[in-house]
There are 2 protein chains.
Amino acid sequence: MSTSRWSTPASLALRVEPGFRLADIDPRSTPGYDGDKDAGKADLDAGREPLEGLQERLFAQSVAGTATGSVLLVLQAMDTAGKGGIVRHVVGAVDPQGVELASFKKPTAEELSHDFLWRIEKRLPDAGRLGVFDRSHYEDVLIGRVRALAPAPEIERRYGAIVAFEAQAAEMGIRVVKVMLHISKDEQRERLAERLDRPEKHWKYNPGDVDERQLWDDYMDAYQIAIERTSTPVAPWHVVPADRKWYARLAVQRLLIDALTHIEPQWPVADYDVEEEKLRLAAS
Amino acid sequence: MSTSRWSTPASLALRVEPGFRLADIDPRSTPGYDGDKDAGKADLDAGREPLEGLQERLFAQSVAGTATGSVLLVLQAMDTAGKGGIVRHVVGAVDPQGVELASFKKPTAEELSHDFLWRIEKRLPDAGRLGVFDRSHYEDVLIGRVRALAPAPEIERRYGAIVAFEAQAAEMGIRVVKVMLHISKDEQRERLAERLDRPEKHWKYNPGDVDERQLWDDYMDAYQIAIERTSTPVAPWHVVPADRKWYARLAVQRLLIDALTHIEPQWPVADYDVEEEKLRLAAS
């Protein structure tokens, strides 16, 4: 695969650094990448095989019982930013057997009766898997903050709880890749309008989407605070400009390839005598 | 998509009928299909979009809360028959968000302390989903019978319990598509040998595979009995010759397309006022 169109590795170009300001990031920009849409789509296609290959090695380790690492992609975004497209076009390239996808909806009564991390912890990926969180514990400091769904001191407590939780996950060998897909308010209007214009897209629209949209600035503030307070060396945030779908998909694919490359999964070594098994098989 | 190369619909060509004898089915045959490997691969590619489209409608219904049906693909086979390839190349074409994949391994101590259907019931697909069982409750009358893992009367009881369980699932709106991938003993030897020959495939091999292979005839008997006794109008078995991987994949894809077509999922109708929402959105 050609990576030459990345002038800066995606993980560096997108990682949140001290002093980060969400408002300074242009949702139409393509940080680190010099290609256009056609090049981006070609590179996305070219990246399917390396991603699949790395993930197969990781999965092989889990089957062999030798896996120590896993990857967890955390996807957060305003509505229509393209989480579903990432799941379909990026994650969809790898063997479904190795993927654990968790979509977090509005918490149930049972979930609300526990700490906010209770339902999250249960869905952490097993060793050797690629976990994907479509929304996550961050909802509890995003809509949770904007809509004051919990008392202010509880919201405050959660940032620290998240940092501790993710540090623990990292110690367990989970490489946490946190992604905010960042779209502009105008782009969201266009995408919502398209859903209203096309009857086969009506199911994707919810009147509540406009209610949340009316609190756009509050949400951007909540994202700024959450990203600032929970970006750590072991679990950094990446803000991925997402007005251009092709860029967002390409960038997340690169982040996953980088994370898997970092784990460096190797094909498991046989724990049986290969030559002896060849004889047994031939005789059977 | 061209379906003209199917002289008989897959579901009819493969469905088990009274008097069925597994031993009469040639694992290299391609029932109902007149094309060769190239045609089969082209048809498999052509089938991805209709399958994805049907499944998206079903998923849309589940999001809208109007789904009443779901599809459950039950995959059973001897080792190396290609279950993994079906998951990857057939199921892998649809949106991962709508798929619920359950791989049943050797039961845990906790699972063994319950009825054999206990762990199965928990993994039945929600309405609007495509469920896939990679192995299933049939293990309990296959390896269960061959290895005498339960007393004979208990094994006997299970056939009736399975029929009742699947009838109940069908009443809940689950369309159960049961598939046995049928390979020949010779083809299995070749595929196992390939795993032993290639270090990057060693993880797929297990010395136990040859142990089970040595009981091939017992397994075929157990399949014959299980298929005979559990093939019902609401949950028929399909025996899919699988020595030719391209045929097995194409056939299972057709079975899924047929099952989804039978459910006839429609795009959900908006439960909000579309014109009013357009105004609200424009003003936001």
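Ala, Val, Leu, Ile, Met, Phe, Trp, Tyr, Cys and Pro count here as nonpolar, Asp, Glu, Lys and Arg as charged, and the others, Gly among them, as polar. Keep those classes in mind for the tour. The model is predicted.

**Stop 1: the largest cavity**

Start inside chain A. Select Ala81(A), Gly82(A), Gly85(A), Ile86(A), Leu181(A), Ala242(A), Lys245(A), Ala248(A) and Arg249(A); these residues line the largest cavity. Its volume is about 50 Å³. By class, the lining splits into five nonpolar, two polar and two charged residues.

Now colour by element. H3 of chain A and helix H11 (245–263) of chain A each supply at least two lining residues. Which element gives the most to this lining? H11(A) does, with three residues. The structure holds four cavities of 30 Å³ or more.

**Stop 2: the interface**

Show both chains. The contact takes 41 residues from chain A and 41 residues from chain B. About 4000 Å² is buried between chain A and chain B, and carbon and sulfur atoms give 61% of that area. Select Arg88(A), Trp203(A) and Leu281(A) next. Together they supply 20% of the area that chain A buries against chain B, more than any other three residues.

Stay on Arg88(A). It forms a salt bridge with Glu52(B), and the closest N and O atoms are 2.9 Å apart. How many salt bridges does the rule find across the interface of chain A and chain B? It finds nine. The rule for polar contacts gives 18 residue pairs across this interface, with both residues at pLDDT 80 or more.

Next, select the elements of chain A that give two or more residues to the side touching chain B: H2, H3, helix H8 (185–197), helix H9 (207–213) and helix H12 (274–282). H12(A) has the largest share of that side, six residues. By class, the side of chain A that touches chain B has 21 nonpolar, six polar and 14 charged residues.

**Stop 3: the second largest pocket**

Finish at the second largest pocket, with a volume of about 440 Å³. Select Arg48(A), Gly92(A), Arg48(B), Gly92(B) and Ala93(B): of the 21 lining residues, these are the closest to the pocket's centre. Helix H2 (37–64) and helix H3 (83–89) of chain A, together with helix H2 (37–64) and helix H3 (83–89) of chain B, each give two or more residues to the lining. The largest share, four residues, comes from H2(B). Colour by class to end the tour: the lining of this pocket has seven nonpolar, four polar and 10 charged residues.

Technical notes. Residues numbered from 1 in each chain as written. Chains lettered and ligands numbered in written order. Predicted model: local features only at pLDDT ≥ 70, side-chain atom pairs only at ≥ 80, totals over all residues. Heavy atoms only, no water. 1 Å grid on protein atoms, 1.4 Å probe; cavity = no way out; pocket = protein on both sides within 12 Å on 5 of 7 lines; lining within 4 Å. Points joined across faces, edges and corners; volume = space filled by probe spheres on them. Contact = heavy atoms within 4.5 Å. Buried area = accessible area lost by both parts, 1.4 Å probe. Salt bridge = Lys/Arg side-chain N within 4 Å of Asp/Glu carboxyl O. Polar contact = N/O pair within 3.5 Å; in protein donor to acceptor, adjacent residues only side chain to side chain.
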